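Trainee: Could you take me through one part of this model slowly, please? I would like a close look at the surroundings of the ligand and whatever connects to them.

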Amino acid sequence: MKPHDHPVRILVVGEINVDFVFKGCHALPTPGKEVLADDFVMTPGSSSMICAMGLARLGNRVAFHGRLGSDASGKFCLQALRDAGVDVASLRPDGALRTGVTASLSTPQDRALVTFAGAIAELRAEEVRDEWLAAADHLHVSSYYLQKALRPGCRDLFARATAAGLSTSLDPGFDPEQRWESDLFDTLREVDVFLPNEQELQAITGRGDTREALALVQNGRTQTVVKRGRQGCTSLHQDQWLDVPAYSVDAVDSTGAGDSFDAGFLHAWLREMPLLDCMKWGNACGSLSTRGIGGTTAQASVSEALALVTGKS
Ligand SMILES: Nc1ncnc2c1ncn2[C@@H]1O[C@H](COP(=O)(O)OP(=O)(O)OP(=O)(O)O)[C@@H](O)[C@H]1O
Ligand SMILES: [Mg+2]
């Protein structure tokens, strides 16, 4: 096991997106109507950015590559990554593109999302240079289905990373078209850690039972951990089921909890902690992120996560 300040270099390749979060909407809007919201934030919204910022918050060296426009949303995202200490040297705001945007409208009961993918659909695996891989120990990719141009080259990208000596991880995210095509299984052969949520894993495998679904994605290489919201997470390791409960926090907003979970899990996994501890780290960072509105406002530091994991808070 390696210490928390052990230097690990992580390359995150993925989508850039800003969230406009309208919280406490008095109702969800219907055509022709206007509703008021009690709170609002503009916040880094994409799974990849939230995970990258979560990893940086835990003290890791993180480099990010993705596509963005030179519009206000793009500038906002670039600055947010910089402020988090993420290396953005490869990011080139493109005047011909518009940065991805999501409007999130939430009431205490439910939420509605509208997304304009914009530049998200432009990122290609071939853009990732060998020297960026050579400068990293680990490659993480999120939002497999959302990134239409990245997806066909994703398996090769993971294979290149593996050949260059990196470990690899993938968070599939939701498939907005709900097709859940099976090319993912092929991609997983090049992936060390797979981090779907329960709904995604069930859709990917066509199995309504999570344990059955988990058993189905075993391929001899990939360690799959399924995120289960307030219930925590589950994995299968050497024919043993591991169920780790989430931590109880005053949850304000669970947007992006899964991406902060990824950051916590990977932080521990990259320091060679036992799987059970990695799952606790994932839960701690996921749970703590729900303290604030949006995905990045309340991400955990090492000491905050450690206090939950060790029970010494
Ligand atoms: N309400 C909550 N209270 C405590 N912990 C939570 C809560 N919601 C989520 N978590 C923690 O965060 C982790 C990830 O959340 P979740 O399962 O919702 O991921 P997700 O569906 O991928 O989320 P998103 O896609 O919004 O990032 C859970 O495994 C759990 O540890
Ligand atoms: Mg998720």
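Trainee: Which helices each supply at least two residues of the shell around ligand 1?

Mentor: Happy to! Before I answer, please keep in mind that this is a predicted model, in which local features need pLDDT of at least 70, side-chain atom pairs count only at pLDDT 80 or more, and totals for chains, interfaces and linings use all residues. Residues are numbered from 1 along each chain as its sequence is written, while chains are lettered from A and ligands numbered from 1 in the order in which they are written.

The helices you want are H8 (257–269) and H9 (275–289), each of which gives at least two residues to the shell around ligand 1. Helices here are DSSP runs of H or I with at least four residues, strands are runs of E with at least two, and both are numbered from the N terminus. H8 provides the largest share of that shell, four residues.

The shell has 21 residues, and Asn197, Lys227, Gly258, Gly286 and Ser287 come nearest to ligand 1 (a residue is near if its C-beta atom, placed from the backbone, lies within 6 Å). By type, the shell splits into six nonpolar, eleven polar and four charged residues. In that count, Ala, Val, Leu, Ile, Met, Phe, Trp, Tyr, Cys and Pro are nonpolar, Asp, Glu, Lys and Arg are charged, and the others, Gly among them, are polar.

Let's stay with H8 for a moment. H8 contains 13 residues and spans 18 Å from its first C-alpha to its last, close to the expected 18 Å (1.5 Å times one less than the number of residues). Because 13 of the 13 residues of H8 are buried, this helix is largely enclosed by the rest of the structure. Buried means 20 or more other C-beta atoms within 10 Å of the residue's own, exposed means 12 or fewer, and partly exposed lies in between, with C-beta atoms placed from the backbone. For contrast, look at Asp186, which sits in helix H5 (residues 183–188). Asp186 is exposed, with 11 other C-beta atoms within 10 Å.

Now return to Lys227, one of the residues that come nearest to ligand 1. Its bridge partner in S11 is Cys233. Strand S10 (residues 223–227) and strand S11 (residues 233–237) run antiparallel and are joined by three bridges; two strands pair if DSSP finds at least two bridges between them. They form a hairpin with five residues between them, and in its turn Gly229 has a positive phi of about 55°.
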